[in-house]
Amino acid sequence: MPLSRKFLNNDEDILVELRPHWVFFARPLFTAIAVVAAVVAILVAYPSAPNWLTDALMVLAAIPVLWLAGRLLRWSTYLLVLTTTRIVVRRGVLGRNTVQIRLQRITEISLAQKLWERIVATGRLIIDVQGEDDAVVLEFVRKPAIVQRVINGQINEVCGGGGAEPVPDELRRIGVRGRRFDPDAAQEPEAEGGPHTPPFGVPVVAGGPGAGVGAGAGGGAGATQAPFPPPPAASPPASPPPTPPTGAGPSEIRDRLIELDDLRQRRIISEEEFAAKKAELLSRL
């Protein structure tokens, strides 16, 4: 499992996280292949072998297979981590053995590689720690020369003697368990004037103010209507009926009555207004 974020300090980040090189389980792998192949060859060559010999051969083949399974389990629990302040080596199947080395305490880092280790890009890092008699040996390190350079660069940065080396992509940690939260990557609030959710109880109006919403009860699927029905338009005020001048003659009063009757028939004036004006005009005869 990767190193959990809870084992790091608040100002500490993971730079490199590695598991051992595949040569870590190469020896039991080749041994298991050789022994199983030999057992299969013996059983094929002597199909009539006694049962006790067959059982002994099966036990013999199981020994390197179990060795390989144990080595694979150890490989999955071995972890080399370089953070911004220390080196952490965690290993152990049932128990847990964790070694932590502060970068300020490291006095020397040596690299040891054989010819075949240089070919497959693996080796050993020998770390001398201040105040310790025995050096810490890290075996089966992948690309040890690059890891050594990155560690030295980080030591220079921590101790103030220079800048850190850039970490190659193949040494960077895979996964997001230990990443620190980046506040700049959080979702930005919506821009002013952008889409927003109206308060509870207010209908959503698509397309801005005045746009229609979904069809109401009894309407078609594509019909739209305003969220609130518009108030009825106010009828224009009726113009006052013409008042004949004082001292008008019978012909003028007759014309005014005709005009009043026309206004009444077009419902511009009410029956009460027509009757009142009619009585007023007739009183002037």
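User: Is the crossing in which α1 passes α2 left-handed or right-handed?
Analyst: The model is predicted, so local features need pLDDT of at least 70 and side-chain atom pairs pLDDT 80 or more, whereas totals for chains, interfaces and linings use all residues. Residues are numbered from 1 along each chain as its sequence is written, and side-chain values use heavy atoms, with hydrogens and water left out. Helices are DSSP runs of H or I with at least four residues, and strands are E runs of at least two, numbered from the N terminus. With left-handed meaning that the near helix is turned anticlockwise from the far one by less than a right angle, and right-handed clockwise, the crossing of α1 and α2 is left-handed.

User: How are α1 and α2 oriented to each other?
Analyst: Their axes, fitted to C-alpha atoms over the stretch in contact, with angles from 0 to 180 degrees between N-to-C directions, lie 8 Å apart at an angle of about 165°. Because angles over 145 degrees count as roughly antiparallel (under 35 roughly parallel, 65 to 115 roughly perpendicular, the rest oblique), α1 is, relative to α2, roughly antiparallel.

User: How many nonpolar residues are in the contact of α1 with α2?
Analyst: With contact taken as heavy atoms within 4.5 Å, α1 contributes residues including L29, V35 and I42, which meet α2 residues including L57, L60 and W67. Ala, Val, Leu, Ile, Met, Phe, Trp, Tyr, Cys and Pro count as nonpolar, Asp, Glu, Lys and Arg as charged, and the others, Gly among them, as polar. On that scheme the contact has two polar and two charged residues, while the nonpolar ones number 15.

User: How many charged residues are in the contact of α5 with α6?
Analyst: The axes of α5 (residues 250-265) and α6 (residues 271-282) come within 10 Å and cross at roughly 175°, and the two helices are therefore roughly antiparallel. The contact includes R256, D261 and R264 of α5 and E271, K277 and K278 of α6. Beside six nonpolar and no polar residues, the charged residues number six.

User: What is the volume of the largest cavity?
Analyst: On a 1 Å grid over the protein atoms alone, a cavity is a set of points where a 1.4 Å probe fits but cannot get out, and lining residues have an atom within 4 Å of a point. The lining of the largest cavity includes L18, Y78 and F140, and β7 gives the most to it, with four residues. Taken as the space filled by probe spheres set on the points, which are joined across faces, edges and corners, its volume is about 50 Å³.

Note on methods
1 Å grid on protein atoms, 1.4 Å probe; cavity = no way out; pocket = protein on both sides within 12 Å on 5 of 7 lines; lining within 4 Å.
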